[in-house]
Amino acid sequence: MIVKDFVIIGGGIAGLSAIKSIREEDTESSVLWITDEDRLPYKRTKINKNIVSGFGKEDFALIDHDWLVNNHVELLYDRVENIDVELHELAFKHRGHLRYKKLILATGNKPNQLLVDNLPEEKIFHVHTARQVENIIRFSKKSIKYLIIGAGVEGVETADQLIKMNKEVVLIDRNNTVIKRFLNQKYSDFLVESIKKSGIEFYPNITELNFSESESGKSILTFDDKKVEFDALILTLGYTPNTDLAVNAELKCNTGILVNEYLQTSNEDIYAAGDVAEHVTGQITGLWHAAERQGYIAGKNAMGKEIIFKLEPFRMKTEVFDEFYFSVKPQGDEDEVVTEEKDTVVRDIYIKDGKVLALFMKNDGARAKLYQQAIMEQWEFDKFKNEIPL
Ligand SMILES: Cc1cc2nc3c(=O)[nH]c(=O)nc-3n(C[C@H](O)[C@H](O)[C@H](O)COP(=O)(O)OP(=O)(O)OC[C@H]3O[C@@H](n4cnc5c(N)ncnc54)[C@H](O)[C@@H]3O)c2cc1C
C-alpha cells in the first residue's frame with residue numbers, strides 16, 4: 001500500500017498553510033493534499049462578496065498547478081471517508097486506501113441547517129462553497145424575491161450583494177442585533193439603519209418560522225403577523241465543524257476536534273487546524289487568518305517542532321452598503337471607553353491599564369491595518385492617538 005509522509009485533509013487555507021510550513025523545512029518528503037471540492041483551493045472569504053460581479057472557476061485560487069508541481073505536492077480531488085488510526089490508513093470515496101505517517105485534519109466546517117417542516121428544499125441556497133455561490137448567481141437570473149435567514153457577517157454581506165442586483169431582500173434573525181458575534185448594540189444599530197436604507201426589509205427577534213406553499217405554488221414564510229413570499233431562501237445560520245471523520249476515528253471531540261496548544265489531537269500522529277479545531281480555551285476561531293496561522297503551526301509541529309498556538313483577539317472587518325465596519329470585541333473588564341467621531345467616522349476605543357485592548361470602528365477602512373496592529377500590539381492610548389489621529 002502507498003504510504004505518504006504527510007497527508008492533509010481539506011483544501012482550505014489551513015491545509016495550504018500547513019503544506020507551506022512543511023515545505024519550508026523539507027522539500028523531499030511526500031505530501032498529499034485532499035480536497036472534496038471541485039476546484040483548486042481558493043479564497044473562501046471572497047465568494048459571497050462577489051455575487052454582483054460573478055467569478056470564474058479559478059479566479060480566487062490560492063495556488064496554481066505550477067505551484068503544486070514546483071513544491072512536489074500531490075492534490076487529490078476526493079473525499080476521505082474513514083481514518084483507521086491503528087493502521088494509519090485512510091479510506092477514500094473513489095480511490096481506495098493509503099497510509100500516512102502524519103495526518104493534518106483541516107476539514108473546516110459546514111453550514112448549519114434549519115430544522116423546520118415544509119422547507120422548499122429546491123429553493124434553499126448556502127454561501128459556504130464557490131459552487132454554492134455560483135448556484136445563487138445562476139438562480140439570480142430568474143428570481144427576484146430573496147429571503148435570507150441569519151444576519152451574521154455572511155448573511156449581511158450576501159444581502160448587500162443581492163440588493164445591489166435590484167433584488168427584493170428580506171433578512172431575518174432570531175437575535176435582536178446583527179453580526180452579534182462581532183458588533184455591540186450601538187454598531188449593530190448603525191448597520192441596521194444602513195440595511196433598512198438600502199431597501200432591505202430586516203426583522204430581528206424571530207423565533208417561530210412557518211413555511212407553506214400558496215395555491216399558485218409560491219413559497220411563503222409566515223412569522224409573527226408577517227407573510228413573506230420568496231423565490232430563493234439563503235441560509236446563513238452559522239457553521240458546525242466537520243468532525244465526522246474524527247468522531248468515527250474516536251479522536252476526542254467536543255463541538256470541534258479537541259487540540260492541545262501544539263494543535264495535536266488526542267492521537268499523537270494527527271493534528272487539527274482551522275475552523276475544525278477546538279482550542280484548550282474552548283474557542284473555535286472561524287476566521288481566515290486564524291486558520292492560516294494554525295495550519296502553519298500544525299505543519300511545523302507535524303515536522304517535529306514544538307510551537308505553541310496562541311489565540312489572538314478575534315477581528316472582524318466588513319464593507320457593506322458603502323460603509324466599513326471593524327471590530328475587536330471587548331471582554332468586559334476594560335477601565336474606560338473613549339468615543340470619537342469625525343465626519344462619517346465613529347470609533348469606540350476600549351482601554352485597560354492605559355492600553356488599547358478592543359475597538360469598534362466605522363468608516364475608517366483605509367487605516368484598518370493600523371487599527372489591527374494597535375490592538376494586537378496593545379498600544380498605549382497616547383500612542384494610538386498619535387499614530388491614528390481623528
Ligand atoms: C462566505 C464566507 C465568507 C467569509 N468571510 C470571511 C472574512 O471576511 N474574514 C474572515 O476572517 N473569515 C471569513 N470567513 C471564514 C473563513 O473563510 C474561514 O475561517 C476559513 O476559510 C477556514 O479555513 P479552513 O481551512 O479551516 O476551512 P475551509 O476553508 O472550510 O476548508 C476545509 C475544506 O475541507 C474540505 N473537506 C471537509 N471534509 C473533507 C473530507 N472528508 N475529505 C476531503 N475534503 C474535506 C471542505 O470541503 C473544504 O474544502 C468566511 C467564510 C465564508 C463561508
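**Strands, a helix and a ligand shell**

Modeller: This is a predicted model. In strand β15, Ala232 is the bridge partner of Tyr146.

Biologist: What makes β9 and β15 a pair?

Modeller: Two strands pair if there are at least two bridges between them. Strand β9 (residues 145–149) and β15 have 4 bridges, in the parallel sense, so by that rule they count as a pair.

Biologist: What is the order of the strands in the open sheet?

Modeller: The order is β8-β15-β9-β10-β11, 5 strands with parallel pairing. β8 and β11 (201–203) are the edge strands. Further in, β9 pairs with strand β10 (residues 168–172) over 5 bridges, and Ile148 stands opposite Leu171 in β10.

Biologist: Why are β8 and β11 called edge strands?

Modeller: Each of them pairs on one side only.

Biologist: What makes you say that both faces of strand β15 are covered?

Modeller: A residue is buried if 20 or more other C-beta atoms lie within 10 Å of its own. In β15 (residues 232–235), Ala232 and Ile234 are buried on one side, and Leu233 and Leu235 are buried on the other. Both faces are therefore covered.

Biologist: Which residues of helix α3 are buried, and how do you know that they lie on the same side?

Modeller: In α3 (residues 130–140), the buried residues are Ala130, Val133, Ile136 and Ser140. They cover an arc of only 115 degrees around the axis, which puts them on the same side of α3. In general, an α-helix has 3.6 residues a turn, so residues three or four places apart point the same way. The buried residues of α3 pack against β8 and β15.

Biologist: Why is the ligand said to lie between domain 1 and domain 2?

Modeller: Domain 1 (3–110 + 239–302) and domain 2 (113–235) both give residues to the shell around the ligand, so it lies between them. The assignment also gives domain 3 (330–387). The centres of domain 2 and domain 3, taken over C-alpha atoms, are 32 Å apart.

Biologist: What is the shell around the ligand made of?

Modeller: By class, the shell has 12 nonpolar, 15 polar and 6 charged residues. Of the 33 residues around the ligand, Gly10, Gly12, Ala14, Gly108 and Gly274 come nearest. Helices α1 (13–25) and α7 (288–302) and strand β2 (31–35) each supply at least two residues of the shell.

How values were computed. Residues numbered from 1 in each chain as written. Predicted model: local features only at pLDDT ≥ 70, side-chain atom pairs only at ≥ 80, totals over all residues. Buried ≥ 20, exposed ≤ 12 C-beta atoms within 10 Å, placed from the backbone. Near = placed C-beta within 6 Å. Nonpolar A, V, L, I, M, F, W, Y, C, P; charged D, E, K, R; others polar. Domains from an automatic or database assignment. Arc of directions from axis to C-beta. Contact = placed C-beta atoms within 7 Å.
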